[in-house]
Each structure stands twice: as C-alpha cells, then as structure tokens.
Amino acid sequence: MLGVCLRGAHATVRKNCVRSPLTPLQSYRCYSTSRSSGASRVVALGLVTVGGGVGGTLLYSKWDPKFRAAVEKNVPYSDWLLGLALGPAPEDARLPVRKQVELNQPPSMLDKPKTDPKAKSQKSVKEAAEASGPESSLVPPPPAQSIQDECKECHKHADVSETAAVASAEPLKERPVDEVTARLVQQDQEEEKLLASLSSRLEDSLASSAKATLQAIGAQEVALQAVTQHTRKLKDAMEAEAPSDEKSTQWKELEAALAERTAAVKDATTTLSKANEALEGLKSVINQAKGQKVAAARPLILAAEENLHQMVVDLDKVVSKVRSAESEAKVVSQYTELVNEAKQQFQREVSSLTPEIQANWKGLTGKLSVDDLNALIAHAHRRIDQLNRELAEQRVREQIHIEAALEQQKVEDHKVLDAAVTTAMGHVKEEARLNLEQKLAELREVMEAEMRTQLRRQAAAHTDHVRDVLKVQEQELRAEAEQVLNSKILDQETRYRQLTQEQLDNFTLDMNAAYARLKGIEEAIDSHAVAEETAREAHQLWLSVEALSYALKSAGADSPSMPLEDAAEAVRASCHDDFCSALASALPQESLQRGVYSEASLRARFNALRSLARRVALIDESRNSLYQYFLSYLQAALLFEDQQEAPPSQLSGADLDPFKLLSYASYCLEHGDLELAAKLVNQLRGEARRVVEDWLTEARLTLETRQVVSLLSAYANAAGLGTTQAP
Amino acid sequence: MTSENMADEYGRKWDRCLADTAVKTATGLGVGIVLSVLLFKRRMWPVSFGSGLGLGMGYSNCQHDFRSPYLIHGHTVKVNA
C-alpha cells in the first residue's frame with residue numbers, strides 16, 4: 001500500500017516535473033515568437049510616446065511661458081533645447097520696456113508736481129519779495145509792473161519748466177529761494193534802471209527841448225517885436241514929416257531898430273535851429289524809448305510826445321507870426337526902398353538939374369534962382385507928364401498887372417495855404433495821433449485795470465490755494481521736522497544715556513570688582529569655615545556610619561545583632577542632607593528594633609534548611625497529598641547532587657530544579673555572596689519555597705541593612721573625601 | 001513571624017500529624033477490638049476496619065494539615081443589586 005502510494009507520488013512528481021520544464025519552454029517559445037514582433041511593437045510604441053511627450057512639452061511651453069520656466073528649472077538641459085527650438089524666453093524683452101515706460105512716467109509725473117509747486121513757490125516768493133518791496137522809485141506802476149513781471153516770470157518759468165520737463169535726465173532740484181529772489185530783484189532793478197534811464201533821458205531831452213523851444217519862442221517873440229517895431233518905425237519914418245534932427249534921430253533909431261531886428265532875427269534863427277535840434281533829439285529819444293517797449297514808460301512817452309507836439313505847434317505859430325511880420329516888414333521895406341529909390345531918383349534928377357543945390361532941398365526955398373525954379377518946374381512938369389504916362393500905362397496894364405499880381409498872390413497864397421495846410425494837417429495829424437495814443441493809453445489802462453482785477457481775483461484764489469497748500473506743507477514739514485528733531489533728540493539722549501551709562505558701568509564695574517574681591521575674600525573665609533564645618537560633619541557622619549557597621553558586626557552566631565536603633569539615630573543626627581537622611585530612614589524597621597543576623601548565621605541555617613527543602617522539593621499546590629510527600633522524600637533520598645555548584649551567569653530552564661538551585665545557593669553562600677544565594681533561593685517554588693521563606697526574609701533584611709550601611713559608608717567616605725582639599 | 005517558624009512548622013506539622021495518626025489508629029484499633037469483642041464475635045474485620053478507619057482519618061487529617069496553606073476558601077458575596 002505504501003509502495004503503491006509512493007509510486008503514485010513519484011509518478012505525480014515526475015509528471016509535474018516533466019510538465020513544468022515543458023510549459024515554460026512552450027510559453028517561452030510562444031513568447032519568443034510573439035516577443036519578436038511584440039518587441040518591435042513595444043519599441044515603436046515607446047518611441048512614439050517619447051516623441052509625443054517631447055513635442056507636447058515643446059508646444060505647451062511655447063504657449064505657456066510659466067510652464068516653460070518650470071520645465072527649464074526642473075529638467076537640466078531643457079533650457080538649451082527649448083531655446084534651440086523656440087528661441088529665447090519672451091518675458092525678458094517685455095520687462096525692460098515696461099520698466100522704461102515706468103521710469104519715463106515717474107520723472108514726468110514728478111516733474112509736474114515739482115514744477116507747479118516750484119512755479120507757485122517762486123510766484124509766492126516773488127509776491128513776498130514784491131510785498132517786502134525792494135526800494136522802487138516808481139510807485140505808480142508797481143502793481144501793473146509786478147503783474148506784468150509776474151506774467152513775464154510765468155512765461156519764463158513756463159519755458160523753464162518745459163525745458164526742465166523735456167530734459168528729464170537731469171535731476172530736478174528747486175532753485176534756491178534766494179537765487180530766485182536775487183534774480184527777481186535783479187530783473188526788477190534792471191527794469192527800473194532802464195525805466196529810470198529812459199525817463200531821465202526823456203526828461204532831459206524834454207527839458208532841454210523845452211528850454212530850447214522856450215528860448216526859441218522867446219527869441220522869436222523878441223524878433224517879432226523887433227521886426228514890428230522896425231516896421232513901425234520905418235513906417236513912421238517914411239510917413240512922418242518931422243524936423244531934420246528928429247529925422248536923424250529917427251533914422252538912427254531906425255538903424256538901431258534894424259540892427260536890433262537883424263540881431264534878433266539871427267538870434268531867433270539860431271535858437272530856432274537849436275530848438276529844432278532839441279526837438280529832433282527829443283523825437284529820436286522818444287522813438288528809442290518806443291523802440292525799447294517798456295510799458296511803464298508809455299505815459300511818459302505820451303506826455304513827452306504831447307509836449308513835443310505842443311512845442312512844435314508853438315514854435316510853428318511863432319514862426320508863422322514872425323514870418324508874417326517879416327513879410328509885412330518886407331513889404332514895408334520894399335515900399336521904403338521904392339520910396340527911397342524914387343527919392344534918390346528925384347534927388348539925382350534934381351541934382352542933375354541943379355547941381356549946386358544940395359540934397360536937402362526942402363530947406364532951400366529962398367536960395368533957388370528963377371532959372372533953377374523954372375528948370376525945376378519944367379522938370380516937374382516933365383516928371384508929371386512922365387508919371388501921367390506911366391500912370392496911363394499902369395492903368396492900362398492895371399488889369400494885367402492886377403491879374404498877374406493876383407496870380408502871383410494866388411500862387412503865393414496857394415503856397416502859403418499849402419504850407420499852412422500841411423502844417424495844420426501835420427498838427428492835426430499829430431493831435432489825432434496823440435489823441436489816439438491817449439485813448440489807447442486810457443484803454444490800455446482800463447484793460448490793465450480790468451486785468452488787474454482779474455489777476456487780483458486769480459491771485460486771491462491762488463493765494464488761497466497756496467495758503468492751503470502751504471498749510472498742508474507746513475504741517476507735513478512740521479511733522480517731518482518734529483520727527484527729525486525727535487529722532488535727533490532721541491539719538492542725543494540715547495548717546496547721553498549711553499555715555500552716562502558707560503560711566504556708571506565703569507564705576508559700577510570697579511565697585512563691583514572691589515566688592516567682588518571683598519566678597520571673594522569673605523566667601524573664601526566663609527567657605528573655609530563651611531568646609532571645615534562640612535568636614536567635621538562628614539567626619540561625624542563617617543564615625544556614626546562606622547558605629548552602625550560595627551553594630552552590624554555585633555551579631556552573634558545565632559542571635560541577631562543589637563538593635564540598630566541608636567546607631568541609626570546617631571546617623572540620622574549626623575545627617576545633614578536628604579540623601580543621607582533618606583538612606584538612614586530606609587533602614588528596615590526590623591533591623592532597627594531587633595537587629596539583623598549575620599551572614600554566618602544565615603549560612604548555618606541554610607545548611608539545615610537545605611535538607612528540608614530537598615525533602616519537600618516535589619510538593620507544590622497541585623501535588624500536596626501525603627503520597628507526594630512520600631515521593632518527594634524518596635526523591636530526596638535517592639537524588640544526589642553536588643554539594644556546591646557554581647551557578648552559571650544565566651539560569652536556563654533546567655537550572656530551576658530545586659536541587660540545583662540549592663547547590664548553587666550553597667556555593668554562593670560558601671563564597672560569601674548572600675545576595676546571589678538569596679536570588680537563587682527566591683527561585684524555589686512550592687513547599688520548598690514556603691519552608692525557606694523565613695530564611696529568605698532574614699536574608700533580605702540582612703542584605704537591605706548591609707546595602708544601606710554600605711551606601712551610607714560610601715556616602716560618608718565620599719563626603720569626607722569631598723571635604724578634604726586637594727593640595 | 002520569626003525566623004525558624006517555617007522550617008520548624010514543617011517539623012511541628014509532622015509531629016502533630018504523626019501523633020494524631022497514631023492516636024486515631026490506636027483509637028480505631030481499640031474501638032475495633034471492642035466492637036469485635038462485643039458485637040462481631042472476635043472477627044478480625046472490625047479491628048482492621050477500626051484501625052484502618054483510624055489510620056485513614058489520621059492520614060486525611062495529616063494531609064489536610066499539610067495542604068492547609070494551599071486550600072482556597074471560597075466565600076459567596078451577596079451583591080445588593
């Protein structure tokens with residue numbers, strides 16, 4: 001049956017064995033055939049997957065730069081590959097542009113608020129400067145001037161701010177206020193100087209021209225007077241038939257008057273020319289002043305022009321008067337000349353006729369002879385005839401002469417009229433121009449007044465705004481300044497405190513050092529005392545422990561030692577720390593009250609106990625009938641073990657046999673190892689254990705006491721050693 | 001307990017045991033003899049019976065005495081539910 005089974009088993013085993021190599025071969029063959037096509041398929045599939053993965057990564061990284069960055073960060077050479085495939089990462093090009101835009105923006109933005117407060121501050125500063133008032137001699141136009149100056153400054157500052165905004169590369173800094181005020185003051189001063197110079201020049205020229213004109217007018221008047229006087233005198237001389245001496249005085253006067261007239265006329269012409277020069281000069285100055293376009297000088301210019309015009313008008317009037325007088329004088333002189341000529345002619349004729357008779361024939365009425373008289377009468381008749389003929393001729397040619405004279409007069413009148421018209425036109429034009437200028441000036445003033453009011457309003461609004469801004473700025477600045485001040489004060493304080501602290505520290509250090517040394521000395525002394533004290537205590541402890549151990553030794557052969565109470569008490573008394581007192585109180589009560597057995601007594605007892613334990617070795621809870629007792633007794637009688645056997649370092653299961661344990665225990669006891677013996681005896685079980693229980697407790701007690709005492713002595717030794725000072 | 005009690009206890013137990021057994025056996029023997037003489041016509045069996053009884057009682061007592069530390073006495077505790 002067994003053989004059949006075995007054969008069957010073998011057969012099955014053989015079958016299995018046979019099958020098992022075949023099937024893997026078969027499958028291998030199958031796999032190999034499928035694997036050759038499968039391998040290529042797998043390889044192809046793998047390649048496709050890898051290629052797809054790489055392509056997908058490229059495409060996605062092209063689309064999503066964050067993904068690209070992540071890939072570049074994590075995969076080592078991907079950044080090269082991606083850079084090769086897609087070009088550099090696009091974010092780098094974008095960022096600098098943005099940064100530049102941002103950079104460009106803030107400067108311009110910084111510009112505007114900076115230039116506005118700058119302009120505003122400058123305006124306000126200027127206003128303040130204006131308000132504080134550098135000494136200007138021109139009181140009337142300061143507001144207009146200031147406003148206009150402000151406008152000019154605004155323009156200038158607008159230009160400046162524009163240039164500053166354009167040149168944003170330069171760091172902007174506000175011009176210092178004093179520079180601004182200096183510039184403003186300088187500009188004001190320049191303008192004032194200019195104005196002053198202009199006005200002074202105008203005034204000078206005006207004054208000079210006025211003087212010259214007045215002089216000229218005066219001279220002309222004088223000349224007029226002289227001329228009229230002369231003409232009058234001439235007329236008088238011509239018409240009046242005065243006695244000869246009067247006539248001679250008259251003629252003399254006439255000559256004087258003539259001389260006077262010529263002098264006056266010359267004087268007048270010179271002064272006139274001078275006045276003309278002065279007027280020309282004034283005109284040129286006025287033109288220059290106009291050319292300089294200082295607005296404030298306009299009224300001055302206007303006034304000067306009016307003055308000029310007035311002077312010109314006066315001059316012209318006087319000159320025309322003089323001319324008329326001169327023309328009259330010319331007529332009169334012509335008449336006198338004619339008369340003189342006629343007289344001369346007559347004189348000549350008379351003299352030719354009557355050579356003897358002298359010139360003054362009127363007085364010679366009695367001296368003339370009849371011939372002379374007849375000749376004279378004939379001459380007179382002839383002359384009358386001649387004159388009559390001339391008169392007839394004249395009468396005939398009267399009309400023509402009159403016409404010619406009229407024509408001449410007309411022409412002359414025309415000329416005079418033209419001249420007068422031109423002068424009048426000139427005067428009127430000048431007057432109109434002056435009026436226009438005046439009107440312009442008025443209008444300008446009105447405009448200026450209006451503009452002033454507007455500007456005043458704007459200035460008011462501006463001042464309000466500036467005030468607010470200033471308030472805010474003041475607050476900010478105050479806060480800042482306070483902060484700075486506080487921080488500075490804090491720094492100063494901290495520094496001061498630091499310094500004081502340092503001083504204090506140094507002092508304290510010195511004091512501490514001295515104190516420490518003193519303390520050290522004291523402590524050294526104290527520690528010496530303390531050390532001595534502890535040494536003494538240690539000695540005491542040691543002595544008490546020695547007493548305790550001696551008390552232990554006092555155990556007799558079978559009696560316990562003396563009660564350790566006193567010794568323990570002594571030890572406790574000499575104990576000064578917890579360890580020692582804990583140890584002292586760890587002594588078991590039994591030992592204190594009854595004392596402990598010595599090892600020798602225990603040993604002796606054990607020997608007696610050993611046989612007993614052997615005898616009840618088999619008895620335990622389950623086996624405790626008398627029959628078992630008999631059996632165990634039999635065992636004890638029949639079993640022989642070594643009296644003493646060295647215990648192994650580790651107890652195995654077989655060593656827990658009571659006999660073995662007892663032999664181990666006696667060996668230990670014989671060699672003085674109560675502890676190990678007690679441990680071994682502790683391994684007994686059952687009745688044997690019950691039998692040796694007392695011995696075990698006694699052994700435990702002894703061991704405890706001995707342990708405590710050894711600890712105490714070790715401690716006392718250590719304490720004693722500790723207190724001794726090493727040299 | 002003091003020192004030698006356990007070991008001495010063993011000896012003491014044995015003394016007691018033996019003494020008790022002897023007494024019981026003797027008593028049984030006596031009672032057997034008496035009974036056999038009085039009732040059972042001087043047959044042997046009451047004597048052996050009596051002595052056996054006495055021995056057995058003594059043995060049982062001895063055993064019980066030796067077992068005494070190992071005997072567990074059960075108590076029923078009524079719990080007031």
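Two residue pairs, both at pLDDT 80 or more, are in polar contact between chain A and chain B. The structure is a predicted model. No salt bridge is counted between chain A and chain B, although the structure holds 22 salt bridges over all chains.

**Interface between chain A and chain B**

- Helix 14, helix 15, helix 18 (687-691) and helix 19 of chain A each contribute at least two residues to the side of chain A that touches chain B.
- With four residues, helix 14 of chain A gives the most to that side.
- Classified by type, the side of chain A that touches chain B comprises eight nonpolar, three polar and nine charged residues.
- In terms of contacts, 20 residues of chain A meet 17 residues of chain B.
- About 1,600 Å² is buried between chain A and chain B, and carbon and sulfur atoms give 60% of this area.
- In chain A, the residues that lose the most area to chain B are L626(A), R690(A) and D694(A), which together account for 39% of what that side buries.

**Helix 2 of chain B**

- Helix 2 of chain B (residues 45-67) has 23 residues. From its first C-alpha to its last, this helix reaches 31 Å, close to the 33 Å expected at 1.5 Å a residue.
- The buried residues of helix 2 of chain B are P46(B), V47(B), G50(B), S51(B), G54(B), G58(B), C62(B), Q63(B) and F66(B).
- These buried residues pack against helix 15 (626-638) of chain A together with helix 1 (5-38) of chain B.

- R706(A) forms a salt bridge with E599(A), and the closest N and O atoms are 2.7 Å apart.
- This pair links distant parts of the chain, 107 residues apart: R706(A) lies in helix 19 (residues 693-723) of chain A and E599(A) in helix 14 (residues 599-615) of chain A.
- R706(A) is partly exposed, at 32% relative accessibility, whereas E599(A) is buried, at 16%.

- E569(A) and R572(A) form a salt bridge in which the closest N and O atoms are 3.6 Å apart.
- Because E569(A) and R572(A) are three residues apart in helix 11 (residues 565-574) of chain A, about one helical turn separates them.
- Both partners are partly exposed: the relative accessible area is 42% for E569(A) and 28% for R572(A).
- A network of salt bridges links E565(A), E569(A) and R572(A).

**Salt bridge between E693(A) and R689(A)**

- E693(A) forms a salt bridge with R689(A), with the closest N and O atoms 3.3 Å apart.
- E693(A) is partly exposed, at 27% relative accessibility.
- R689(A) has a relative accessibility of 17% and therefore counts as buried, the limit being under 20%.

- S574(A) is located in helix 11 of chain A.
- At 4% relative accessibility, S574(A) counts as buried.
- Apart from its neighbours within four places in sequence, S574(A) is in contact with E537(A), Q540(A), L541(A) and S544(A).

Note on methods. Residues numbered from 1 in each chain as written. Chains lettered and ligands numbered in written order. Predicted model: local features only at pLDDT ≥ 70, side-chain atom pairs only at ≥ 80, totals over all residues. Heavy atoms only, no water. Salt bridge = Lys/Arg side-chain N within 4 Å of Asp/Glu carboxyl O. Buried < 20%, exposed > 50% of the residue type's maximum accessible area, 1.4 Å probe, protein only. Contact = heavy atoms within 4.5 Å. Expected span 1.5 Å × (residues − 1). Buried area = accessible area lost by both parts, 1.4 Å probe. Polar contact = N/O pair within 3.5 Å; in protein donor to acceptor, adjacent residues only side chain to side chain. Nonpolar A, V, L, I, M, F, W, Y, C, P; charged D, E, K, R; others polar.
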